[in-house]
Amino acid sequence: MNKIKKISRYLAPLKQTKIALLIAFITGILYGLTSGFGVPIMLKIASKSLFSDGPVSLGVIFMFAILPTLVMAVRAGCGIANAYCIGYCGQNILKEVRVMVFDKIQHLPLEFFKKREPGELITRALGDTTMLQTMIIEVSQEIVKQPMAVIGAICALIYLCYQQSDVVILMIFLLAVPLVIIPVRMVGEKMRKKTLSMQEDSEKIMTRLAHNLSAVQEVRAFSMEEIEVSNFRKTCDRVMNSVMKTVKYSIILSPIIEVIAAGAVGIAMVYTYRHGIGPDVFIAMTGALYFSYDPIKKLARLNNQVKAGIASMERIEALLEYPETIVDPISPVKVGKLHDIEFDNVSFSYDGEHEVLHGVDLDLKRGNTYAFVGSSGAGKTTIINLILRFYDVTIGSITVDGIDIRDMRVHDLRRNISIVPQSPTLVNGSILDNILWGAPWASKSEVIDAAKKARAHDFILELENGYETFVGENGARLSGGQRQRIALARAFLRDAPILILDEATSALDAKSEHAVHEAIKDLIINKTAILISHRFTMMSIVDQVFVLDKGRIIERGVPSDLFNQQKSVYFELYQKQQIS
């Protein structure tokens with residue numbers, strides 16, 4: 001029952017294509033009956049007239065020249081209509097399932113992505129959904145046509161044997177049918193296991209390729225090209241071995257079924273000769289036999305595809321059923337503009353065992369800029385992750401304007417926050433598209449105004465197509481300083497009351513840093529601004545500094561006061577930066 005419930009999730013999009021599905025169902029029945037019953041009976045009538053001892057009139061010959069064409073035309077028309085309608089339904093299923101998977105990925109907690117490779121997720125979102133769609137299309141196409149063809153063929157055999165008053169030949173044909181079930185079941189289970197193994201190996205190809213493409217410069221800088229190619233070849237060899245195992249099981253069924261069918265025909269031929277059965281009956285029965293065993297062969301192949309599809313479905317299910325830990329409350333508190341942030345005795349652990357924050361208390365007010373400094377691993381990024389509610393605190397609470405962030409919608413919290421990261425992500429679109437990430441509803445004039453405030457407008461106009469210039473994958477056509485100013489333009493456009501600057505100037509040259517620094521001065525006005533930086537040049541705009549060490553705030557105060565305390569950790573960090 002649970003499996004039926006899961007499968008129904010993927011069949012739900014069929015509600016959107018009810019008419020096409022109905023047409024496919026009707027044409028499938030007609031196709032099956034035309035194949036299994038219509039063709040054998042047509043063969044009997046035609047052969048009896050054409051091979052009779054007496055003369056055959058020209059009209060009869062002409063009629064039997066047209067009859068097969070008409071029968072096969074009906075069969076072909078129904079087959080085409082069935083295939084097209086099922087294809088349409090299948091593509092709709094593929095679209096909806098891919099959207100379902102993509103939507104799930106958007107809501108998965110960050111911890112999920114730390115355990116998964118991008119190649120794995122790409123394979124599940126594209127490869128597994130395609131295989132699932134193939135299974136659904138094939139099942140939908142054949143589940144009506146082929147059983148109806150078998151039923152039609154069996155009805156034709158029964159009708160012919162009734163006319164012949166001899167059921168023995170019917171038994172010869174029909175008794176062979178159950179024999180094909182044995183290899184179908186055995187091979188089907190093997191197919192599911194081998195397909196699952198093949199898909200896991202295919203993930204490794206995608207993962208290795210993704211890693212290589214994300215490290216193009218490093219591969220060349222360290223002369224790793226040959227080693228990368230060698231490793232990729234080994235991965236491809238493993239995938240090839242897995243694929244060939246599935247090919248073996250996918251091709252073995254048809255020959256087995258054909259051998260069984262040939263045996264039945266051979267016995268039937270001997271029986272026909274011994275009992276003087278006419279050629280018209282034998283030809284019709286052979287046709288019925290073909291139109292019963294051919295569907296069985298297709299259903300056998302379909303069984304393999306079903307097993308492969310189930311393997312893909314299991315992998316998709318593992319993704320769709322992964323628990324979402326960051327969820328909205330049942331009755332969220334309605335909020336407007338948010339400003340003041342408070343940490344009350346906050347402790348946090350990523351793995352449930354090792355705490356990375358210990359009893360942190362903060363009170364961040366509107367109109368002030370706060371800097372978090374400390375060595376790597378001190379907990380600075382974790383504080384940002386908790387404010388954005390990428391994770392929930394283990395102990396204590398985080399409130400904004402007195403409201404626990406767990407009591408409001410995640411979207412309501414994050415729309416009040418702008419973030420400028422150290423390495424901003426740019427999509428492979430135009431500069432206009434990338435700035436619009438800050439506020440997708442904004443007008444072009446508002447985008448230009450934001451770019452001017454971010455000191456980005458001038459360099460944008462110097463580009464070949466201005467704001468319509470494509471930036472390349474992750475902004476590859478722009479310099480680091482240009483990418484950073486695009487990220488600042490997003491923040492200006494969003495104009496959120498809470499601003500997070502995560503190492504926003506750490507990777508810039510002096511000229512770019514100055515431009516970004518001036519833009520940040522304008523950006524932080526009247527906001528609750530949070531700055532993470534190792535660059536002490538940014539401290540001139542900071543009202544209060546928090547020094548973290550091993551998840552604890554060990555110092556806090558005005559930058560100048562901490563600097564003047566020459567035994568302070570803040571001063572030591574400053575000296576280390578000057579030396580480096």
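1. A residue is called buried when its relative accessible area is under 20%. Keep that cut-off at hand for this predicted model. Helix H12 spans residues 380–387, and seven of its eight residues are buried, so the helix is largely enclosed by the rest of the structure. The buried residues are Lys380, Thr382, Ile383, Ile384, Asn385, Leu386 and Ile387.

2. What does asparagine 385 contact, leaving aside its neighbours within four places in sequence? The partners are Tyr350, Phe390 and Tyr391.

3. Now step just past the end of H12. There, arginine 389 takes a positive phi of about 55°. Most residues other than glycine have a negative phi. Arginine 389 is also buried, at 4% relative accessible area. Its side chain forms a salt bridge with that of aspartate 392, with N and O 2.7 Å apart. Aspartate 392 is partly exposed, with a relative accessible area of 25%.

4. How many salt bridges does a search of the whole structure find? The search finds twelve. Side chains of opposite charge can pair when their charged atoms come close. One of these pairs joins lysine 104 and glutamate 324, whose closest N and O atoms are 3.1 Å apart. Lysine 104 belongs to helix H3 (residues 58–107), while glutamate 324 is in the loop between helix H11 (279–320) and strand E1 (341–349), so the pair ties together parts that are 220 residues apart in sequence. Glutamate 324 is partly exposed, at 33%.

5. Compare that with a pair of sequence neighbours. Lysine 95 and glutamate 96 meet through their side chains in a salt bridge, at 3.4 Å from N to O. Lysine 95 has 44% relative accessibility and counts as partly exposed. Glutamate 96 has 24% and also counts as partly exposed.

6. H15 covers residues 444–453 and H17 covers residues 480–494. Their axes come within 8 Å and cross at roughly 125°. The crossing is right-handed.

7. Which residues make this contact? From H15 come Glu446, Val447, Ala450, Ala451 and Lys453. From H17 come Ala489, Phe492 and Leu493. Sorted by type, the contact has six nonpolar residues, no polar ones and two charged ones.

8. Two loop residues deserve a check of their backbone. Aspartate 495 is not a glycine, yet it has a positive phi of about 55°. This aspartate is in the loop between H17 and strand E7 (498–502). At 43% relative accessibility, aspartate 495 counts as partly exposed.

9. Where is asparagine 526? It lies in the loop between helix H18 (510–523) and strand E8 (528–532). Its relative accessibility is 46%, and asparagine 526 counts as partly exposed.

10. Finally, find glycine 352. This glycine is in the loop between E1 and strand E2 (355–364). Is glycine 352 buried or exposed? Glycine 352 is exposed, with a relative accessible area of 65%. How far apart are glycine 352 and threonine 394? They are 42 residues apart in sequence, and 8.2 Å apart in space from C-alpha to C-alpha.

Technical notes
Residues are numbered from 1 along each chain as its sequence is written. This is a predicted model: local features need pLDDT of at least 70, side-chain atom pairs count only at pLDDT 80 or more; totals for chains, interfaces and linings use all residues. Side-chain values use heavy atoms; hydrogens and water are left out. Axes are lines fitted to C-alpha atoms, for helices over the stretch in contact, and angles run from 0 to 180 degrees between N-to-C directions. Helices (H or I, at least four residues) and strands (E, at least two) are DSSP runs, numbered from the N terminus. A crossing is left-handed if the near helix is turned anticlockwise from the far one by less than a right angle, and right-handed if clockwise. Contact means heavy atoms within 4.5 Å. Ala, Val, Leu, Ile, Met, Phe, Trp, Tyr, Cys and Pro count as nonpolar, Asp, Glu, Lys and Arg as charged, and the others, Gly among them, as polar. A salt bridge is a side-chain nitrogen of Lys or Arg within 4 Å of a carboxyl oxygen of Asp or Glu. Buried means under 20% relative accessible area, exposed over 50%, partly exposed in between (1.4 Å probe, protein chains only).
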